[in-house]
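This briefing covers salt bridges and helix packing in one structure.

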Amino acid sequence: MASIRDGLGVQSYCFRNFKDNTEVARLVGELGLKAIELCAVHVKFDEPTTHAEVIKTYRDAGIEILAIGVETFDTDEAHARRRFEFAKQAGATCISANFKPESWQASAEMVGKLADEYGIRAAVHNHGGYHWLGNWQMLNHFFNATPKGVGLCLDTAWCLDSGENPVKLAEVFRERLYGLHIKDFVFGRDGKGEDVIVGTGNLDLPGLIKTVESGGFDGYAVLEYEGDADNPVPALKQCVAQVK
């Protein structure tokens, strides 16, 4: 990717209250974007007979399916293959992933082999302070013990939730950085994160973009804003403007 701005997409979870893919594709177009990461709200990954229709809906609208996820993997290869098959059919390049702590090494080895077989990367989604892969020490341990087909989908807001610096993690893991969820939090007195327009909270957005692009990033990047679930377009338009 020459520039995050050029290939920017949006995570379909932002439109979780809109179940119809035709409507979701239209809303992506309203943002001035042409790419999406599809989550399980909008795809029944375990029902392959439904996949072609979903893919056609986005292709007909001129929306590229960059990635799918976040999907949780264990040692069930058939389960994993259905996700990789959808990604292959859709032309996606990555699957954002979660691994269960009780089977992480075996499942990551299996997913890494599938990544090589299909030519599609998998990328750990760091999901905050409560998540077992939420901090850089555990991510470092994970990557030292797993194949390079499995990298990192850096969620910047959940990185902040873990007390980490997203810009620093983008630098530290630049060789395994396969995806970006560009998201921003402010924190209340209770410590809980609240979604805000990217770059207006605790995320150093210019620093992130500069670091990622100077590091030769060749993955995918999507915006994620979970506020205003019934009408996310106005805020997402502001997020697009902040990145652009």
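D46, E71, R82 and R83 are linked in a network of salt bridges, a salt bridge being a side-chain nitrogen of Lys or Arg within 4 Å of a carboxyl oxygen of Asp or Glu. The model is predicted, so local features need pLDDT of at least 70 and side-chain atom pairs count only at pLDDT 80 or more, while totals for chains, interfaces and linings use all residues. Residues are numbered from 1 along each chain as its sequence is written, and side-chain values use heavy atoms, without hydrogens and water.

**Salt bridges**

- The whole structure holds 14 salt bridges.
- In the pair of E71 and R83, the closest N and O atoms are 2.8 Å apart. E71 belongs to strand β3 (residues 64-73) and R83 to helix α4, so the pair ties together parts twelve residues apart in sequence. (Helices, H or I of at least four residues, and strands, E of at least two, are DSSP runs numbered from the N terminus.)
- Both E71 and R83 are buried; buried means under 20% relative accessible area, exposed over 50%, and partly exposed in between, with a 1.4 Å probe and protein chains only.
- D74 pairs with K100 at 3.6 Å between the closest N and O atoms. D74 is in the loop between β3 and α4, and K100 is in the loop between β4 (94-99) and α5, so parts 26 residues apart in sequence are tied together.
- D74 is partly exposed at 24% relative accessibility, and K100 is partly exposed at 31%.
- E213 forms a salt bridge with R5, with 3.4 Å between the closest N and O atoms. This pair links helix α9 (residues 205-214) with helix α1 (residues 4-7), 208 residues apart.

**Helix packing**

- The axes of α4 (residues 77-90) and α5 (residues 104-118) come within 11 Å and cross at roughly 30°. Axes are lines fitted to C-alpha atoms, for helices over the stretch in contact, and angles run from 0 to 180 degrees between N-to-C directions.
- Contact here means heavy atoms within 4.5 Å. Among the residues making the α4 contact with α5 are F84 and K88 of α4 and L114 and Y118 of α5.
- Helix α3 (residues 51-60) packs on α4 at about 35°, with the axes 10 Å apart.
- H51, V54, I55 and R59 of α3 meet R82, F86, Q89 and A90 of α4.
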